[in-house]
Amino acid sequence: MKIVVDENIPGAVQCFGQFGQVVTRSGRQIGPEDVLDADALIVRSVTKVNQALLNGSSVKFVGSTTIGSDHLEIDYLRAQGVRFCTAPGSNAESVVDYVLSAICRLDGLLEKLLAGGRVGIVGYGNVGKRLGHRLSALGIPWLAYDPLLDPQLYTCLRPLDEVLCSSMLCLHAPLTVSGPFPSVHMLDACALQTMPKNAVLLSAGRGEVVATAELLALIDSRPDIRLALDVWEGEPEFASALAQRCAITTPHIAGYSVDGKKTGLRMVAAELADFLGRDLSLDDGGESPVPVVNCVGDSAAMVIREAVLAVYDVAEDSKRFSEIIHAAERGRQFDLLRKHYPPRRELAYCDLRAANPAMASLLRAVQGGI
Ligand SMILES: NC(=O)C1=CN([C@@H]2O[C@H](COP(=O)(O)OP(=O)(O)OC[C@H]3O[C@@H](n4cnc5c(N)ncnc54)[C@H](O)[C@@H]3O)[C@@H](O)[C@H]2O)C=CC1
Ligand SMILES: O=C(O)C(=O)[C@H](O)COP(=O)(O)O
């Protein structure tokens, strides 16, 4: 059995090696000739898995170690009887950690939210729900927009115009181009200009959800809006004029925790084992050691900042990105930052300790416990 695997999936060679011969390729360069005689294909979000890639190939299983599925031509895979899977929820906690880190790093934002400033969440799925849960635990008010869910089941759901009117808007919708509520360019000039004064826009779903040209046209007249962008239209290329204007700018790494990647790999490996009717052996080093963080602050904001930034400081990623904004071959540099991403743990896997016992419940809230 031949399994073609994106070379940038940590642990994949060993994991999929138990099922057959593993051949690694650069995800953006996997072409029809690579998969012609393959039985399975394991990808990340950078490989378009469509008719052009698979036509005439022997691939019968496609696994993507990602949450997003916009790179898969699902109708085609179904029509061809190709079994496929993604890894729903695998790195959702990592994305929430990213949002919390951005909140801690944007001057005054944490204090504003703790004092009653509201977060608006667009896309109330695995990421949106976990984000809402963590914000509630911290006592931060929030609302969500998700037109595909029943507002009678989820009372947090509100119309988009109301959600846009928040101190911070967090975009976590998937990229869709059809159906009743396509998300492509849903954040256009009309929507963006209704954002309140001094609002923050954080985008960590897919870059194409924001109409980049319209955002670029707007930002000169709205210097008050602060931007935290992790995803970009046309990755790995990105608009340097937009990146330059961001308070936080990162190369699509919100979901890049060690824990999230490991979960994604395990989910896809389990699906392949099931497809093949084989047992799965997960000899991937088991669980990693638990990092210990000691927090000494004596105010809520101090303790939250200490804990969150000790585990994951988005400013470090933002600094690395700022160094490539004007580089030659920006797209290649963007991919290199992703390829050589430093190990990062999720808050939920850390042992957070407070010197002041009164702060202990706050640290549980940072991790999602209430
Ligand atoms: N920046 C990063 O590193 C990462 C980005 N992502 C992106 O985030 C997206 C969301 O992730 P999950 O929450 O796990 O996905 P999910 O599939 O669990 O939830 C997505 C939610 O968005 C809703 N939705 C669909 N169209 C919408 C629209 N037009 N407006 C508002 N809501 C809409 C859906 O009804 C669903 O409830 C993924 O599809 C992926 O593209 C995911 C992981 C990491
Ligand atoms: O899971 C998703 O969806 C993502 O966007 C990933 O976290 C990042 O994508 P890859 O680098 O794994 O393609």
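Q: How many residues surround ligand 1, and which are the closest?
A: Ligand 1 has 27 residues around it, the closest being Asn91, Asn126, Val127, Asp146 and Asp230. To be near a molecule, a residue needs a heavy atom within 4 Å of it. Keep in mind that this is a predicted model, where local features need pLDDT of at least 70, side-chain atom pairs count only at pLDDT 80 or more, and totals for chains, interfaces and linings use all residues. Residues are numbered from 1 along each chain as its sequence is written, chains are lettered from A and ligands numbered from 1 in the order in which they are written, and side-chain values use heavy atoms, with hydrogens and water left out.

Q: What makes the pair between Asp230 and ligand 1 a polar contact?
A: A polar contact is a pair of N or O atoms within 3.5 Å (within protein, one must be able to donate a hydrogen and the other to accept it, and residues adjacent in sequence count only if both atoms are side-chain atoms). A polar side-chain atom of Asp230 sits 2.8 Å from a nitrogen atom of ligand 1, so the pair is inside the 3.5 Å cut-off.

Q: How many nonpolar, polar and charged residues are in the shell around ligand 1?
A: It's 14 nonpolar, 10 polar and 3 charged residues. Here Ala, Val, Leu, Ile, Met, Phe, Trp, Tyr, Cys and Pro count as nonpolar, Asp, Glu, Lys and Arg as charged, and the others, Gly among them, as polar.

Q: What surrounds ligand 2?
A: Its surroundings include Arg44, Thr66, Ile67, Gly68, Asn91, Arg206 and Tyr256. By class, that shell has 3 nonpolar, 6 polar and 3 charged residues.

Q: Which backbone and side-chain atoms lie at contact distance from ligand 2?
A: A backbone N or O atom of Ile67 is 2.7 Å from an oxygen atom of ligand 2, and a polar backbone atom of Gly68 is 2.7 Å from an oxygen atom of ligand 2. From a side chain, an N or O atom of Arg206 lies 2.9 Å from an oxygen atom of ligand 2. Ligand 2 exposes 350 Å² when taken alone, and the protein buries 92% of that.

Q: Why is Asp313 called buried?
A: Buried means under 20% relative accessible area (exposed is over 50%, partly exposed in between; 1.4 Å probe, protein chains only). Asp313 comes in at 12%, so it counts as buried. Asp313 is in the loop between helix H13 (300-311) and helix H14 (314-322), and its side chain reaches the backbone nitrogen of Ala315 at 3.0 Å.

Q: Why does Ser183 count as buried?
A: Because its relative accessibility is 3%. Ser183 is in the loop between strand E8 (168-171) and H9, with its side chain 2.6 Å from the backbone oxygen of Pro174.

Q: How do you know that E6 and E7 pair?
A: Two strands pair if DSSP finds at least two bridges between them. Strand E6 (residues 119-122) and E7 run parallel and are joined by 4 bridges, so they pass. One bridge partner set is Val119 with Trp142 in E7. Strands (E, at least two residues) and helices (H or I, at least four) are DSSP runs numbered from the N terminus.

Q: What makes E7 an edge strand?
A: The open sheet has 6 strands in the order E7-E6-E8-E9-E10-E11, with parallel pairing. E7 and strand E11 (248-249) each pair on one side only. At the E11 end, 2 bridges join strand E10 (residues 226-229) to E11, and Leu229 has Thr249 as its bridge partner.

Q: Which way do the side chains of E7 point?
A: Trp142 and Ala144 point one way and Leu143 and Tyr145 the other, all of them buried. In a regular strand, side chains alternate between the two faces of the sheet.

Q: Why is the unit of E6, helix H7 and E7 called right-handed?
A: A crossover is right-handed if, with the strands pointing away from the viewer, the path from the first strand over the helix to the second runs clockwise. E6, helix H7 (residues 126-138) and E7 make a right-handed β-α-β unit. Another is E1, helix H1 (residues 12-17) and E2, where 5 bridges join strand E1 (residues 2-6) to strand E2 (residues 21-25).

Definitions and conventions:
Accessible areas come from the Shrake-Rupley method with a 1.4 Å probe; for residues, only the protein chains shown count as cover.
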